[in-house]
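Please consult the structure alongside the points below.

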Amino acid sequence: MLDSQLPIGLEPIHHESGMGYLLRSAQANGVSLHWLRRTIGLSDVKAINQSHATALAWLIQGSATWLHNCLPLSYKSSGNSYFRCWHSTFFSRNHLRHQHPQICPACIHFDGYCHRIWDISLVTVCRKHRRRLIDRCHHCHSSIRWDRPAIDVCHCGYPFISDHNTESISRELLDLSELLEIVISDNEEDLAREHMTLPPYFNHMSISGILLIVEALGRLEFEHKIIKVSRRNKALKTEEWHDIVTRAIGRLHVLSESVSNQSTAVPIDAIPLRNLLLHTSNSLDIQIAESLATKLAFSDPQLLRLKPSQLYLFS
């Protein structure tokens, strides 16, 4: 590690991504993210996480506390893997995109920084520009990387351009993006405001509760589809998450219109719902998951394939 700091220190911008802040700082000092990584002793294939926040903050003259909060940390508890970021706990690695960035090109060009909400996989649209986020360069067609020459330039050397898709973005997708931003901001005043197109209980669930419910309801394209373990562990593209969230929103409407004590035959992926029931400590998360399990038990037999000690969750 060098014994001197970079000459130009930048203040993080409100709602900025931790990795985006590192890239912006590197760019301002004429170095690369690879250079930052190597300078603190990391290999090029090692993912940057919370444990590197203190060294990186010193190097770029930034706040170690802020950077620690905005970089992910993976840990195990009782044999289960968890992920910590923005003072929130995530139960699935695939719900965070710290190694697989997605962006809104218009925001990057006009704002000059990467928004932290883009680091959540299930956020697939930009509320400001009402367009889909992208995770691939329109010039070289490869996945966007953090290791690139500048915030608004792909590693291939060409500036990012907006997706010219003029499809209409649903109000529900925009509201979900706004709600998740509020949840990670932990702003109780904003949470008091209902997002009319989403179930009102979403406002009071944990971020993991919301993400797992949405994934459970949208992951399967059709009933009884089998998802291999290797597929579950694979990072999905923005387009794939967009389809998942869109399906989930449609199925949430079906459920909201059904009779409360009536089982409803909509495709559901039992694994995310079961993970929520077994790992969350949020009482409302449990209540909502139990309610959905009761409604959907007959549409997915996997919900009943639990250990005897776990069956009470679905009683």
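The notes that follow treat the chain as a whole, then a sheet, a helix pair and a single serine.

The structure is a predicted model. Its chain contains twelve helices and five strands. Of the 315 residues of the chain, 50% count as buried.

**The chain as a whole**

- The accessible surface of the chain amounts to about 15200 Å², and carbon and sulfur atoms contribute 51% of that area.
- Among the contacts in the chain with a separation of 6 or more, 62% are made by residues 24 or more positions apart.

- An open sheet is formed by three strands in the order 1-2-3, with antiparallel pairing.
- Strand 1 (73-77) and strand 3 (88-90) are the edge strands, each of which pairs on one side only.
- On average, and with direction ignored, neighbouring strands of this sheet are turned by 35° against each other.
- Five bridges join strand 1 to strand 2 (residues 80-85), and the two strands pair in the antiparallel sense.
- Lysine 76 has serine 81, in strand 2, as its bridge partner.

**The packing of helix 8 against helix 10**

- In general, two packed helices are described by the angle between their axes and by the distance between the axes.
- For helix 8 (residues 207-218) and helix 10 (residues 238-257), the packing angle is about 90° and the axes are 7 Å apart.
- Angles from 65 to 115 degrees count as roughly perpendicular, so helix 8 is described as roughly perpendicular to helix 10.
- Helix 8 contributes Val214, Glu215, Leu217 and Gly218 to the contact. From helix 10, the residues that meet them are Trp241, Ile244, Val245, Arg247, Ala248, Arg251, Leu252 and Leu255.
- Sorted by class, the contact of helix 8 with helix 10 comprises eight nonpolar residues, one polar residue and three charged residues.

**Serine 208**

- Serine 208 is a residue of helix 8.
- Is serine 208 buried or exposed? Its relative accessible area is 2%, and a residue counts as buried when this value is under 20%; serine 208 is therefore buried.
- Which residues are in contact with serine 208, leaving aside its neighbours within four places in sequence? These are Thr89, Phe90 and Phe91.

Conventions:
Residues numbered from 1 in each chain as written. Predicted model: local features only at pLDDT ≥ 70, side-chain atom pairs only at ≥ 80, totals over all residues. Heavy atoms only, no water. Axes fitted to C-alpha atoms, helices over the stretch in contact; angles between N-to-C directions. Helix = DSSP H or I, 4+ residues; strand = E, 2+ residues; numbered from the N terminus. Parallel < 35°, antiparallel > 145°, perpendicular 65-115°, else oblique. Contact = heavy atoms within 4.5 Å. Nonpolar A, V, L, I, M, F, W, Y, C, P; charged D, E, K, R; others polar. Pairing = 2+ DSSP bridges. Buried < 20%, exposed > 50% of the residue type's maximum accessible area, 1.4 Å probe, protein only. Areas by Shrake-Rupley, 256 points an atom, 1.4 Å probe, with all protein chains shown as cover.
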